[in-house]
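Subject: Structure handover

Hello,

Here is the structure I promised to pass on. Please open it first, then read my notes below.

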Amino acid sequence: MDIKHITLFARLLTGLIFFWQGFGKVFKMGVETIYNGGFKSFEATFLPTFILKFAAYFTSYGELIFGALLLLGLFRKQAYYGLALILLIVTFGHGLQSPIWDLQHVFVRSVFLIFIAMTFDKDTLSLDHILKKKN
């Protein structure tokens with residue numbers, strides 16, 4: 001297997017992980033349920049409610065949309081930045097809640113995201129790359 005196929009696999013796997021996470025939050029559980037089940041507990045901190053609401057909606061819809069973009073290989077760079085921001089928000093929130101927390105979900109997604117970002121130019125099996133070649 002060469003680098004373009006490894007990169008494709010990593011991008012598709014990362015896209016699926018984020019897409020299904022967002023899909024579950026948006027369409028199965030509902031973002032308000034996500035907010036009430038986790039983000040609401042941060043109202044006791046220094047963070048204002050509008051920031052918490054924004055974070056709940058941004059992370060939920062962001063995982064769905066940016067994950068789908070990775071699956072399509074479209075607007076990859078913007079999707080990488082969006083997902084990196086989501087991981088920073090999640091890490092900040094978990095750290096604020098408890099200084100010692102289980103890193104398994106953030107760590108795995110971060111490693112995949114870093115790998116596909118580092119191999120961006122090798123990802124020739126993406127819509128971005130195909131559309132760029134046509135111009």
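Helices here are DSSP runs of H or I with at least four residues, numbered from the N terminus. Keep that numbering in mind for what follows. One caution: this is a predicted model.

**Overall fold**

The protein chain has six helices and zero strands. Along the sequence the pattern reads α-α-α-α-α-α. Along the principal axes, the C-alpha atoms of the protein chain fill a box of roughly 50 × 30 × 25 Å.

**Helix packing**

Two packed helices are described by the angle between their axes and the distance between the axes. I looked at two such pairs.

Start with helix 1 and helix 3. They pack at an angle of about 150°, and their axes are 7 Å apart. The crossing of helix 1 and helix 3 is left-handed. By class, their contact has 13 nonpolar, six polar and three charged residues.

Next come helix 3 (residues 49-72) and helix 4 (residues 76-97). Here the angle is about 145°, with the axes 9 Å apart. The crossing of helix 3 and helix 4 is left-handed. Which residues of helix 3 and helix 4 meet? On the helix 3 side they include Ala-55, Phe-58, Gly-62, Phe-66 and Leu-70. On the helix 4 side they include Arg-76, Tyr-80, Leu-83, Ile-86 and Ile-89. By class, this contact of helix 3 with helix 4 has eleven nonpolar, four polar and two charged residues.

**The loop between helix 5 and helix 6**

Phe-120 sits in the loop between helix 5 (104-118) and helix 6. Setting aside neighbours within four places in sequence, Phe-120 is in contact with Arg-76, Lys-77 and Tyr-80. From Phe-120 to Ile-86 it is 34 residues in sequence and 19 Å in space, C-alpha to C-alpha.

**Salt bridges**

Side chains of opposite charge can pair when their charged atoms come close. The structure holds seven salt bridges. One of them joins Asp-123 to Arg-11, with the closest N and O atoms 2.5 Å apart. This pair links distant parts of the chain, 112 residues apart. Asp-123 is in the loop between helix 5 and helix 6, and Arg-11 is in helix 1 (residues 3-29).

**A nonpolar surface patch**

Which residues make the nonpolar surface patch? Leu-72, Leu-127, Ile-130 and Leu-131 do, and the patch covers about 340 Å². Its largest share, three residues, comes from helix 6 (residues 127-134). Leu-131 lies in helix 6.

Best wishes

Notes. Residues are numbered from 1 along each chain as its sequence is written. This is a predicted model: local features need pLDDT of at least 70, side-chain atom pairs count only at pLDDT 80 or more; totals for chains, interfaces and linings use all residues. Side-chain values use heavy atoms; hydrogens and water are left out. Axes are lines fitted to C-alpha atoms, for helices over the stretch in contact, and angles run from 0 to 180 degrees between N-to-C directions. Helices (H or I, at least four residues) and strands (E, at least two) are DSSP runs, numbered from the N terminus. A crossing is left-handed if the near helix is turned anticlockwise from the far one by less than a right angle, and right-handed if clockwise. Contact means heavy atoms within 4.5 Å. Ala, Val, Leu, Ile, Met, Phe, Trp, Tyr, Cys and Pro count as nonpolar, Asp, Glu, Lys and Arg as charged, and the others, Gly among them, as polar. Patches are made of residues with over 30% relative accessible area and no salt bridge: like charges are joined within 9 Å, nonpolar side chains (Val, Leu, Ile, Met, Phe, Trp, Tyr) within 5 Å. Accessible areas come from the Shrake-Rupley method with a 1.4 Å probe; for residues, only the protein chains shown count as cover. A salt bridge is a side-chain nitrogen of Lys or Arg within 4 Å of a carboxyl oxygen of Asp or Glu.
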